[in-house]
Every structure is written in structure tokens, then in C-alpha cells.
Amino acid sequence: MSVAGSVRAVTTLRLTEMKQRGEKIAMLTSYDYSTAKIVDAAGVDVILVGDSAANVMAGYETTLPITLDMMIYHARSVVRGVNRALVVVDLPFGTYQGNSKVALDSAIRIMKETEADSVKIEGGEEILESVQRIISAGIPVMGHLGLTPQSIHKFGTYNVRAKEEAEAEKLIRDAHLLEEAGCFAIVLEKIPAALAERVSKELTIPTIGIGAGGATDGQVLVVHDMLGITNDFSPRFLRRYADLHGVMSDAIAHYVKDVKDQDFPNEKEQY
Ligand code: KIV
């Protein structure tokens, strides 16, 4: 909570102001209370409760299986840990593509049941009506273009998108449509840096890149990847800031040894 009562310190308006003064936006994912608390206190501006929870929390290969109920569970947990950052929640696969009424119902459930600040939706022209309807109900929407993981079966590969002119032109058009519809920001995932730079310059709303080069208005990473909790995923765009897989494995092996050796608990660790 902040001065305004229920509004967190980082608002959608604040993100636009950051773009205007050239201050980069730092965004990370979180899926649980304890991690969100650390991420928020470390100064991250936007926390995304991503449907990547399907991968890193639930162990699914794609993001498609995660449900709205699961996303609501993760988002509720995250919101309880956040004081400052703007919280964005992914609308999962199948909860907005059908028609705009279904999309609005899904977004309303997220806002009512989690107290998050906004939702994120993958796609451009094809989901525009849903975006407009959600925004008209007063719910801020973040767009997501480029390699949109919910369309992985259409793409057939996690390779860089929009390298060809036709796909790049469509992405530029979609970005403008999302801005005109009232989106407050757009994630650009795994597209050529030059294309991301062009889109970022043409739009007045901020772009947040992942694998889209340094010219976007902000960056986002999956927290498990940048902390090195996952160690089997090493795309070129990923910078690892820690090796938590190593740290956790060593600590747990140490604990197992101490239990087996009857070193834990010792005299001071009991009542
Ligand atoms: O679900 C997610 O984590 C995302 C980011 C990769 C942008 O959509």
C-alpha cells in the first residue's frame, strides 16, 4: 500500500514517465510470496506473474496447460509480498482468445481475486477486441508480441521471430494497434534488436524486451533463469546473475550429510 491507499508506488502512468525521461524499466517474474518480497524490495519496477509458472513451477514443457485458477493462486501469493512494484498477471492460454466477453470475465476474476494491478495478453490484431473490452472495464493491459509462447504449436520452434519482412511489418502494425487500443506497455520477446528499437521509437508507451536487444524501454527475465535455479536453459539473451542451482544443491547435500552423520541437530539446536 502507498500514499493513495490501495495503489502501489509504481503505476502505469509512472512507467510512461520513465520512458519519457529515458529511465529504463526493470521487470522480473515471480510466482510466490517469498520470492516476490525479495524481488520487490530489491527495486524491480514491474513484477510479472507469468504463465511461465507452467514451466518453472509446475514442470510443464509449454505454458499451455496452466489454468486461470492456478494463475490466480500464484498472483495472490505474489501480491501479498509486494509493496512497491506494479504487478502484472498473465491471462493463460484459452481464457481470452475465444471471445471478448470470456476475456473480460477472465481479467475481472484476476483483478477481483488477486488484487493485482493489470493483466498481460499475447497477440495483436487477432485479440484486439478482447484488449479493448478489458481496457474499457478499467483494467490496464500489457501487450506481448514476437515469440508469444502460447502460440508455440503454431510457430513450431522457439527461434527468433519477425526476421522476415512480412512478419516484422505485422508486428509493427500490431504494436500500433495495441497502443491505440490503450495498452500501457508491450513485451517484445525474441525479435531482432533493430526491429525492437524501431517499435520502441515509434510508440509512446514503453516496450519491455526479452531477447530483443538494449533499445527497448525496459527488460524482463524469468527470475528462475536469471538466478540460475534453472540450469538447463541457456538462450543467448539470458544473463545469469547467480548460480542458485549450485548453491541450493550444495546446501541440501550438506544437510543430508549432517543428518546422516547425526551432526544435525546439535545440542544448541534442540529444546
Ligand atoms: O510468462 C512469462 O514469464 C513471460 C515473460 C517471458 C515475458 O511472458
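**Close-up views of a predicted model**

**View 1. The largest nonpolar core.** This core has 73 residues, and Ile134, Met142 and Leu188 touch the most other members. A nonpolar core is a set of buried Ala, Val, Leu, Ile, Met, Phe, Trp, Tyr and Cys residues joined through side-chain atoms within 4.5 Å. Buried means under 20% relative accessible area, exposed means over 50%, and partly exposed lies in between (1.4 Å probe, protein chains only). The model is predicted: local features need pLDDT of at least 70, side-chain atom pairs count only at pLDDT 80 or more, and totals for chains, interfaces and linings use all residues. Residues are numbered from 1 along each chain as its sequence is written, and side-chain values use heavy atoms, with hydrogens and water left out.

**View 2. The surroundings of Leu188.** Which residues does Leu188 touch, not counting those up to four places away in sequence? Among them are Leu145, Leu171, Ala196, Val199, Ile208, Ile210 and Ala212. Ser200, Thr207, Gly209 and Thr216 are also on the list. Contact means heavy atoms within 4.5 Å.

**View 3. The whole chain.** The chain holds 11 helices and 8 strands. Its radius of gyration is 20 Å, close to the 18 Å that the globule rule gives for 271 residues, so the chain is as compact as a globular protein of that length. That radius is taken over C-alpha atoms, and the rule is 2.2 Å times the number of residues to the power 0.38. Helices (H or I, at least four residues) and strands (E, at least two) are DSSP runs, numbered from the N terminus. The C-alpha trace spans about 65 × 45 × 40 Å along its principal axes. Buried residues make up 48% of the 271 residues. Of the contacts with a separation of 6 or more, 59% join residues 24 or more positions apart.

View 4. Lys120 and Asp90 meet through their side chains in a salt bridge (2.7 Å, N to O). This pair links distant parts of the chain: Lys120 lies in strand E4 (residues 118-120) and Asp90 in strand E3 (residues 86-90), 30 residues apart. A salt bridge is a side-chain nitrogen of Lys or Arg within 4 Å of a carboxyl oxygen of Asp or Glu. Side chains of opposite charge can pair when their charged atoms come close. A search of the whole structure finds 13 salt bridges.

View 5. The side chains of Arg109 and Glu113 form a salt bridge (2.7 Å, N to O). The two sit 4 residues apart in helix H5 (residues 100-114), so about one helical turn separates them. Salt bridges with shared partners join Asp69, Arg109 and Glu113 into one network. Arg109 is partly exposed at 31% relative accessibility, and Glu113 is partly exposed at 29%.

**View 6. The pair Arg21 and Glu23.** In this salt bridge, the closest N and O atoms are 2.8 Å apart. Arg21 is partly exposed at 49% relative accessibility. Glu23 is partly exposed at 34%.
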